[in-house]
Amino acid sequence: MKSQKTYTVEEVKRALERYCVYQDRCHQEIIKKLYDYNMTPAVHDTIIVHLIEHDFLNEERFSKSFARGKFNIKKWGKLRITRELKLRNISAYNIKTALKEINEEDYYITFDNLAQRKFDSLTETNKYKKRKKLADYLLYRGWESDLVYKKVTELIN
C-alpha cells in the first residue's frame with residue numbers, strides 16, 4: 001500500500017494561495033483540492049476563511065471572469081454559462097452579476113458570426129438535416145432557443 005504524503009496546514013495554505021493566484025477559483029475547486037491534500041473537514045473551514053479574508057478566493061470575481069472567458073474564448077451563450085456556474089454551486093446573485101459582464105451588442109454579434117461560420121462549414125445537402133445540425137450546435141453552446149430557431153430559419157429556408 002502506498003503511503004500518503006502529509007502536509008501541514010501552512011503548506012496547504014501556501015499551495016492553495018498559489019493555486020488561486022494563478023487563476024480565479026470557486027469554492028468547489030478549493031474543497032476538492034483540500035480533499036486531495038487529505039485535510040480534515042475541520043481544517044477546510046479555516047483554510048477557506050483564510051483564502052477569503054486575504055482575497056485569494058472570491059466567488060463573484062470567479063463567476064465574472066468565468067462568464068467573460070467562456071463567452072469571449074469558447075463563444076458560449078448565456079444558458080451554457082449559467083448551467084456551468086450552477087454546476088460549480090455559484091449563487092444565483094453571482095450568476096446574474098456574471099452575465100452582466102457580457103455586452104448585449106457583442107452577444108448578438110458573436111451569435112450571428114458563430115451561426116454564420118457554422119452554417120458555412122456544413123456540407124449537408126438535405127435542408128432539414130442541415131437545419132438540425134446548425135440548431136443542435138448552437139443550442140449545445142447555450143444560445144437561447146428563440147434566437148437559434150430564428151437564425152436557422154433565416155439562414156436555411
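A residue counts as buried under 20% relative accessible area, as exposed over 50%, and as partly exposed in between. Lysine 75, with a relative accessible area of 25%, is therefore partly exposed. The model discussed here is a predicted one.

**Loop residues with positive phi**

- Most residues other than glycine have a negative phi.
- Lysine 75 is not a glycine, yet its phi is positive, at about 60°.
- The loop that holds lysine 75 runs between H4 and H5.
- Aspartate 55 also has a positive phi, near 60°, and is likewise a residue other than glycine.
- The position of aspartate 55 is in the loop between helix H3 (41–53) and H4.
- With a relative accessible area of 44%, aspartate 55 is partly exposed.

**Packing of H8 and H9**

- Helix H8 spans residues 127–140 and helix H9 spans residues 145–155; the two pack at an angle of about 150°, and their axes are 10 Å apart.
- Angles over 145 degrees count as roughly antiparallel, and H8 and H9 are therefore roughly antiparallel to each other.
- The crossing in which H8 passes H9 is right-handed.
- On the H8 side, the residues in contact are Arg131, Leu134, Ala135, Leu138 and Leu139; on the H9 side, they are Ser145, Val148, Tyr149, Val152, Thr153 and Leu155.
- Sorted by class, this contact of H8 with H9 comprises 8 nonpolar, 2 polar and 1 charged residues.

**Nonpolar cores**

- In soluble globular proteins, nonpolar side chains tend to be buried together.
- The largest nonpolar core has 28 residues, of which Ile81, Leu85, Leu134, Leu138, Trp143 and Val148 touch the most other members.
- Two or more residues of this core come from each of helix H4 (59–72), helix H5 (78–87), helix H6 (92–99), helix H7 (104–121), H8 and H9.
- The element that gives the most to this core is H7, with 5 residues.
- Another core, of 13 residues, lies apart from it and includes Cys20, Val43, Ile47 and Leu51.
- Once neighbours within four places in sequence are set aside, leucine 138 is in contact with Phe111, Leu114, Ala115, Trp143 and Val148.

Notes. Residues numbered from 1 in each chain as written. Predicted model: local features only at pLDDT ≥ 70, side-chain atom pairs only at ≥ 80, totals over all residues. Heavy atoms only, no water. Axes fitted to C-alpha atoms, helices over the stretch in contact; angles between N-to-C directions. Helix = DSSP H or I, 4+ residues; strand = E, 2+ residues; numbered from the N terminus. Parallel < 35°, antiparallel > 145°, perpendicular 65-115°, else oblique. Left-handed = near helix turned anticlockwise from the far one by under 90°. Contact = heavy atoms within 4.5 Å. Nonpolar A, V, L, I, M, F, W, Y, C, P; charged D, E, K, R; others polar. Core = buried A, V, L, I, M, F, W, Y, C linked by side-chain atoms within 4.5 Å. Buried < 20%, exposed > 50% of the residue type's maximum accessible area, 1.4 Å probe, protein only.
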